[in-house]
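Okay, thanks for making time, everyone.

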Amino acid sequence: MAKSDDGIRILQGLLVFGNVIIGMCGIALTAECIFFVSDPHGLYPLLEATENDDIYAAAWIGIFVGFALFALSILGIIGVIKANRTLLLVYLILMLITFAFEMASCITAATHRDFLTPNLFLKQMLERYKKSETDNNNDKWMTEGVTKTWDKLMLQNHCCGVRGPSDWQEYTSAFRLTYNDADFPWPHNCCVMDARGSPVNLDACKLGVPGYYNSNGCYDAISGPMNTHAWGVAWFGFAILCWTFCVLLGTMFYWSRIEY
Amino acid sequence: LPAPPALLPYVPRVPPTALLGKLTATTFALERPCCVFGRHANASDAIWLVVAFANASAAFRNPPSRADVPRYERLPTDGSYMTLETAAAAYACSATSSPALRVGGDTVCRGQGCRDPCNGPLPSPGPYRVKFLVMGCHGPKAETRWSDPILLRRAASPSTIDPVPAHHSSHAVVIASVLAGLGAVLAAAVLGVVGTEVWGSLCRQDSGSSAFARRSYRTHHIPPALPQPVPPGCRCSPPGLGCVPPRPPAPCPAQ
């Protein structure tokens, strides 16, 4: 009798510990997802224009799942300590629903990250950057977003195009329709700027003299934050789910051992 | 009859150095012909650049005077024009300035009909051939050889770009498969536990007693005690009072 009593006590202790970890991870997940949704790098307009912003949807789900995990962990701790079958049953069912939502968030973030290829951003940049004739309000909104984001990207990260300035030469673009090739082989934001924001030497920039134009592509500046975002949501959520899985199995075992 | 212009062995070429903009869709760059003309060009002479379509270069005839120089607007009809009129001093051996000449870089002058030579953008990818021509007061004095054909860039349409990724990364496959497995196991476990519980409660309701959860109550039958065999030599006068040991008979009273 004493031995099984001890066993139950150990199980209780482990479950309380497990739930404490789940609660803390829930708070961390909420904080991380709020950080991503706040878009510190200003790249959301690019995703919005691709009409494929599911990694943001995954982060939004993550915010609510984090809160739910925190609340349910408190419920779980109370239920385990009081050995109350009803509380634990409610806990199990709500945790299962939360588990399902977090699964959806992780899988969405992981699979949709794969769609954000360099070609996707290249095509979008060529078709939308400085496009002068827009079809409707939505088109205009997306075009303005893409143009502002690219201008900011090129100036802040000292880069040009997705792979390099030759993107502007290899393909025709909406930019090319408004800005002729002789004066603008690539946008002037690709030129090395002085302190006042104008090109140091515009003729050298147009000729492509090394040192007067930005020769690297901006893809690294785009994919870096997006990778952090997607993998942060997907892998951290995955870790939480693995831990939660073990805690839930333990809780079910404990629940079946409680007597009326 | 004026003497034919001297043929210099210099061949104009696109600069071999790394200049990203040396060939664009409507412009191209040329190496500066420094220290090429030497004694053939005086300080008062002008050095022109002749630009012609590669298939029209053989038919080009040097203009006899400055007034006959074909302008930029004549390129579509004649297949050639002359531009970049520069003083000979700019190409002297000691001159130091920009690394290359840019043909087609002036977008302001085209179509205005002005008399000055226009270095307008080229209308088609070409190919083109160029040569330098030294024009003095009396006509052409010297010329370089024709360059190799220069082909400009042709841009493709962005609709040829395929944004779809080739295959899913390993991250996505691992996460999706492991999570699907965990979810399935969890759902099965919950169903199993809840199912056993429901089934158990149904059985309890059938038997009618819900107070005892999982134990069956076994009744113990206590049989009534049987009479014990009387030990020999004992006389039990009222039964049940226990056994009285026999007393020796009292001596008979004397008569």
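So, where in chain B does UniProt place the feature "transmembrane region"? The record, an unreviewed entry, puts it at residues 172-194 of chain B. Keep in mind that what you see is a predicted model.

Now, the interface. Chain B brings 52 residues to the contact, and chain A brings 49. About 4,300 Å² is buried between chain B and chain A, and carbon and sulfur atoms give 73% of that area.

What about charges and polar pairs? Across the interface of chain B and chain A there's one salt bridge. The partners are Glu197(B) and Arg85(A), with their closest N and O atoms 2.8 Å apart. For polar contacts between chain B and chain A, the count is 15 residue pairs, where both residues have pLDDT 80 or more.

Which elements of chain B are on the side that touches chain A? Strand S5 (100-103) and helix H2 (170-207) of chain B each supply at least two residues there. H2(B) gives the most, with 18 residues. And if you sort the residues on that side of chain B by type, you get 29 nonpolar, 14 polar and nine charged.

To wrap up, look again at H2 of chain B, 170-207: it's the element that gives the most to the side of chain B touching chain A. Okay, over to you.

Definitions and conventions
Residues numbered from 1 in each chain as written. Chains lettered and ligands numbered in written order. Predicted model: local features only at pLDDT ≥ 70, side-chain atom pairs only at ≥ 80, totals over all residues. Heavy atoms only, no water. UniProt positions renumbered as here; feature names shortened; annotations may be inferred. Contact = heavy atoms within 4.5 Å. Buried area = accessible area lost by both parts, 1.4 Å probe. Salt bridge = Lys/Arg side-chain N within 4 Å of Asp/Glu carboxyl O. Polar contact = N/O pair within 3.5 Å; in protein donor to acceptor, adjacent residues only side chain to side chain. Helix = DSSP H or I, 4+ residues; strand = E, 2+ residues; numbered from the N terminus. Nonpolar A, V, L, I, M, F, W, Y, C, P; charged D, E, K, R; others polar.
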